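Reader: I am new to this structure. Could you take me through it?

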Amino acid sequence: MPKLKKWILKDNTEVSDDDCQKITERFGIEPVISRLLAVRGYDTEEKVRSFLNKENTYLYDPFLMKDMDRAAARIVSALDKGEKITIYGDYDVDGVTSVSVIYLYLKSRGGNVSYYIPNRASEGYGLNNGALNKLKEEGTSLVVTVDTGITAVEETEYMKSIGLDLVVTDHHGCREILPDACAVVNPKRPDDGYPFKELAGVGVVFKTITAVEFLLQERKIFGDCGNGLSYGERYTRMLESGESDFLETVCRDYIDLVAIGTVADVMTLTDENRLICSAGLSIIENSPRPGLAALMDASEGMKAKKYPKKRKLSASYIGFTVAPRINAAGRIADAELGVELFICEDRKEADRIASELCELNLQRQAEENRIALEAAEMAEKTHDFENDPVIVLASENWHHGVIGIVSSRLTEKYNMPSILISVEDGVGKGSGRSIKGLHICHALAECSDLLIRYGGHELAAGLTVSQENIDSFRKKINEYARAQLGSDAGEINLDVDLEIEEEDVSLRLCEQMSLLEPCGVGNPTPVFMMRNVTVEDVTSIGDGKHTKLTLGEKRATALVFGTTVAEADLERGDVIDVVFRLDVNEFRNVKTEQMIVVDARIPEAAEFYGAESAFLEKAEGGAGFTAADRLLPDRDDFAAVFREVRSYPAEGQTVSFCRLHGAVTETAPEMRPAKLKLALKILADVGLISFEQLPICSLSGTELYRIASVKYAGKVNLFGAPRYKNLKKQLV
């Protein structure tokens with residue numbers, strides 16, 4: 001069962017109020033922003049200036065990457081000779097943007113270039129000999145992989161045998177043996193000296209085309225001879241000469257797509273990625289290419305037409321609006337649709353493709369929701385939450401293109417690594433997501449004897465496994481995970497940057513959140529906490545799927561997405577602690593501040609009722625207790641509880657522990673919560689009610705029950721119930 005989140009407030013005891021005040025005055029920012037930056041380590045004027053102006057990030061020399069010289073030289077040679085170059089990519093957003101960037105670049109330089117993305121359903125991930133034969137027959141002499149290829153050792157040998165050259169560009173984890181290709185460009189190579197290892201696949205492509213453009217421009221300006229200089233020295237010479245704007249040109253023309261792929265692949269938005277994403281978002285916001293403009297308009301639908309406005313883009317917008325629609329094509333249709341959108345120059349054609357992608361995304365969402373329900377039910381019924389830290393589920397009824405997203409949802413729900421496997425014809429194709437503390441690719445490596453293939457990152461990976469090995473794989477990966485995660489498995493920590501007060505929340509503060517963009521992994525969206533704020537109103541919005549809270553004397557708007565009013569379990573007058581992000585709501589061209597609720601709880605209730613449940617659990621586990629503990633219910637106690645719940649419908653009613661306790665104590669004021677819970681269990685044992693404990697409420701922080709009345713005839717002996725008799729024996 002999901003556990004109550006543990007809020008971890010960052011230590012700001014050493015942050016100086018005077019220093020924050022100076023930062024506030026020097027940069028004209030809100031005091032909350034100054035303190036937030038200090039808590040994150042930007043505690044001097046120099047550090048704040050560097051962060052806000054992105055002066056602490058650079059675009060590094062691409063030739064610092066191992067084999068970049070060989071890769072660039074081979075591509076330039078192919079351009080010079082008019083060889084047919086085929087870009088071989090992957091079907092996710094990183095792969096699609098990678099293909100698009102290098103295809104557009106090589107086309108612009110007169111290249112004879114095509115691209116190939118394998119079909120997820122029929123071919124799976126990576127290079128395959130059937131596709132390579134087809135490319136050879138079509139006249140390809142050079143294959144350049146993007147976002148794939150680092151593990152294609154056998155396929156590379158086959159390519160050599162049929163006369164195909166290969167340049168690998170990738171960013172996934174490396175195995176012990178690398179492909180014997182013309183060049184293998186990957187910052188994660190053990191022998192690579194590139195200063196930043198967390199580029200997306202499209203980031204590696206970006207560095208590759210920068211290197212190619214450098215060679216082409218250097219030849220025009222300085223000739224073919226390097227004059228004995230190293231590549232690094234030649235690169236610096238070119239930049240300092242001022243005779244070529246090759247770097248600016250590559251950034252201007254392609255960094256928007258690089259930013260999309262980087263955000264979509266959930267790469268850390270620090271160092272070089274921070275600069276890439278900031279520059280890319282700026283271009284998309286001000287001058288989007290036709291395909292992107294069409295997709296953003298199609299995503300917003302009638303709302304954009306009725307209330308047109310200038311978009312203020314963020315990494316979140318890319319991650320939650322643009323990326324899912326590009327991903328949908330590769331998951332349930334053809335990833336080439338995404339490439340065609342990005343390389344399209346005709347707006348009408350772009351609109352057609354964008355509309356198709358939005359429709360595919362709706363289909364993907366429906367399939368995802370269906371699988372998510374099945375997977376959650378399967379997990380609750382079959383997974384050993386107490387002992388197995390990795391959820392491994394398999395089904396022949398799941399679309400393998402969607403299970404990765406569902407795995408993400410399960411991992412977020414339970415804070416446990418999860419792997420979902422789609423089985424067809426005796427072979428399972430799986431996708432997994434992990435949590436901090438378990439490198440899922442390393443975990444798969446420990447199980448490699450049971451797998452056909454695997455690959456991925458620290459927190460996301462894919463695998464292929466024979467159906468007959470799934471049970472053994474489930475057992476082995478959990479053995480490994482238990483040793484890695486220890487006793488903290490399933491513990492849900494929620495990092496909070498800063499505690500603020502009601503009066504701190506303003507439109508100006510919400511607008512200044514944009515100074516911290518782009519936010520993502522490594523530079524997360526700020527999370528705040530507010531204590532003891534009164535709920536003034538609770539309203540259902542979005543066809544009942546979401547909840548709006550009105551909080552405090554300022555009547556601040558706080559939105560709870562994906563949670564109904566019933567699920568929120570909050571009422572007018574509740575005093576809560578709330579964890580939230582800040583946002584600007586713009587409706588009909590009017591801007592207002594708003595809070596996006598991440599978590600909330602009635603603090604006294606969460607602590608009090610949690611302790612009561614723990615007390616009962618210990619007693620049922622054999623611990624002794626005394627009459628003073630007031631645990632065993634008498635006849636009047638049973639009557640008070642039964643009177644409250646007998647009106648519940650036969651199909652059941654969801655009610656929280658604290659709300660039920662409050663109702664019962666109106667007639668039985670001495671009823672302690674542990675006694676109430678015990679009485680409910682005993683009433684269920686003898687068949688007077690049905691009683692099911694649900695996961696802890698995500699907002700109020702208390703347990704939820706599903707209780708239904710049951711038709712019965714005759715008398716029952718409550719005090720003869722085994723549960724009651726066993727506990728009575730423990731009375732000391």
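This is a predicted model: local features need pLDDT of at least 70, side-chain atom pairs count only at pLDDT 80 or more; totals for chains, interfaces and linings use all residues.

Reader: How do α10 and α11 cross?

Author: The axes of helix α10 (residues 246–264) and helix α11 (residues 271–286) come within 7 Å and cross at roughly 115 degrees. The two helices are therefore roughly perpendicular to each other (65 to 115 degrees counts as such). Helices (H or I, at least four residues) and strands (E, at least two) are DSSP runs, numbered from the N terminus. Axes are lines fitted to C-alpha atoms, for helices over the stretch in contact, and angles run from 0 to 180 degrees between N-to-C directions.

Reader: Which residues make the contact?

Author: Among them are C251, I255 and V258 of α10 and I276, L281 and I284 of α11; contact means heavy atoms within 4.5 Å. By class, the contact has 12 nonpolar, three polar and two charged residues. Here Ala, Val, Leu, Ile, Met, Phe, Trp, Tyr, Cys and Pro count as nonpolar, Asp, Glu, Lys and Arg as charged, and the others, Gly among them, as polar.

Reader: Turning to the sheets, what is the order of the five strands?

Author: The order is β7-β8-β9-β11-β10, in an open sheet with mixed pairing; two strands pair if DSSP finds at least two bridges between them. At the edges, β7 (391–395) and β10 (453–456) each pair on one side only.

Reader: How many bridges join β8 to β9?

Author: Seven bridges join β8 (residues 418–424) to β9 (residues 427–433), and these strands run antiparallel. The bridge partner of I421 is G430 in β9.

Reader: Which strands does α18 lie across?

Author: Helix α18 (residues 470–485) lies across β7, β8 and β11 (460–466), running at about 170 degrees to β7.

Reader: And what is the order in the sheet of three strands?

Author: That open sheet has the order β19-β21-β20, with antiparallel pairing. Its edge strands, β19 (653–656) and β20 (689–694), each have a single partner strand, so one side of each is left without a neighbour in the sheet. Between β20 and β21 (residues 704–709) there are six bridges, and I689 has S709 as its bridge partner in β21.

Reader: Where does α24 lie?

Author: Helix α24 (residues 673–685) lies across β20 and β21, at about 130 degrees to β20.

Technical notes. Residues are numbered from 1 along each chain as its sequence is written. Side-chain values use heavy atoms; hydrogens and water are left out. Angles under 35 degrees count as roughly parallel, over 145 as roughly antiparallel, 65 to 115 as roughly perpendicular and the rest as oblique.
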